[in-house]
Amino acid sequence: MMTPLIGDSSSTRKITELIKNVANTCLNVLITGETGVGKDVVVQNLHAESNRCTKNFVKLNCAALPETLLESELYGYEKGAFTGADKKRAGKFQTANKGVLFLDEIGDMPMALQSKILHVLQNGEFSPLGSDEEFKTDVWVIAATNHNLEESIANRTFREDLFYRLNIINIHIPPLRERKEDIPSLIEYYSDRYKSEYPQCQWRLPDSQTLTKLCNYPWPGNVRQLQNCIKKQMIFDSWATVFEDLPCEQIETSSEEEKVGGTKGLANDKFTGDHLGIISQFVDISTSSEKLFEDISLKKIKKLASDKVEKEIITFILEKVGWNRSHAAKILKISYKTLLYKMKEFKVDPPLK
């Protein structure tokens, strides 16, 4: 089952557009990003969008096998090529012919094999182990890594010429903490998808406060960690259970960080000028300075300001399209479910007829 690219962030939209642009070029693609960001999902979508979509999709994890086995997996071998080779076997380059070969964790490939794979990428020719015969292959090679290959080149653990051969098209997937706009859509998608996998379990979308906490968490395990949390919520029917395993200090700014430091000696200061018009929308400026400093939190005000702008834009677009929510979602470039969620959160209701 192919997973679509889910999200409303600008980076996810750019990746989606890039996939459409390069899918039929068959130029080598290097996908980079932290563990768990969804590199395999991008590969699936590249294959699905290409004119090779009906051909073989072959994946090989370069970090999962020792060097000797990795070589035989790539090129295949003849009977008797080594101890245990009791019959002829085709390698990945042969089985992926006319299709896609996905080399996952390419940064972990041993140096000795890097020169051999470079030869195949340059000439499209390879020889199975134990054979003098050369075979031609026509594969679209897509590679992925969570390593910084430029650092690996400097450390002499990755060949520079192989890097440039693979990195014709680079698709970098930012970590989830840098595209928090994707989190609501990801939760909706995977919650709906896991319903069939866990039919005996209850599932529920997070309320506004819970979603805020989920968006504030940095997700070091990225989308994979979020998927596991969704599964846990479905099994225990509680988002509170999910937060038990997430460090509280990483979910919300600590109270010490939210306090305004160094306020001593500022109690008699006054806010003047244009600042009043902005600040008064979010805090009570008529209170004492001491109380005012306690109330002001940049994180809190940023959230209030963001919500205010979102609500006004959503209301404006809905009014322009006659409260057609499907049309509004397309204009806003968000999913229909996300629009409904935000309308409920911001209490945006159509006028009474």
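Modeller: Helices (H or I, at least four residues) and strands (E, at least two) are DSSP runs, numbered from the N terminus. The model is predicted, so local features need pLDDT of at least 70 and side-chain atom pairs 80 or more, whereas totals for chains, interfaces and linings use all residues. Residues are numbered from 1 along each chain as its sequence is written, and side-chain values use heavy atoms, without hydrogens or water.

The part to look at is the open sheet. Its 5 strands stand in the order S2-S5-S8-S1-S9, and their pairing is parallel (two strands pair if DSSP finds at least two bridges between them). From one strand to the next, the twist averages 20°.

Helix H2 lies across strand S1 (29-32), S2, S5, S8 and S9, and runs at about 150° to S1. Helix H1 lies across strand S8 (140-145) and S9, with an angle of about 155° to S9. Such angles run from 0 to 180 degrees between N-to-C directions, on axes fitted to C-alpha atoms, for helices over the stretch in contact; contact means heavy atoms within 4.5 Å.

Helix H1 (10-22), helix H2 (39-49), strand S5 (100-104), helix H8 (183-197) and helix H10 (222-236) each give two or more residues to the lining. By class, 14 of the lining residues are nonpolar, 8 are polar and 9 are charged (Ala, Val, Leu, Ile, Met, Phe, Trp, Tyr, Cys and Pro are nonpolar, Asp, Glu, Lys and Arg charged, the others polar).

Pro220 sits in the loop between helix H9 (208-216) and H10. Leaving out residues up to four places away in sequence, Pro220 touches Glu34 and Gln225. Along the chain, Pro220 and Glu34 are 186 residues apart, yet 8.9 Å separates their C-alpha atoms.

Two helix pairs complete the account. Helix H3 (residues 67-75) and helix H5 (residues 111-123) have axes that come within 11 Å and cross at roughly 10°. On the H3 side, Glu67, Leu70, Glu71 and Tyr75 meet Ala112, Leu113, Lys116, Ile117 and Val120 of H5. This contact of H3 with H5 has 6 nonpolar, no polar and 3 charged residues.

In the other pair, the axes of helix H17 (residues 325-332) and helix H18 (residues 336-346) come within 9 Å, and the crossing is at roughly 100°. H17 supplies Arg325, Ser326, Ala328, Ala329 and Leu332 to the contact, while H18 supplies Tyr336, Leu339, Leu340 and Met343. Here the contact of H17 with H18 comprises 7 nonpolar residues, 1 polar and 1 charged.
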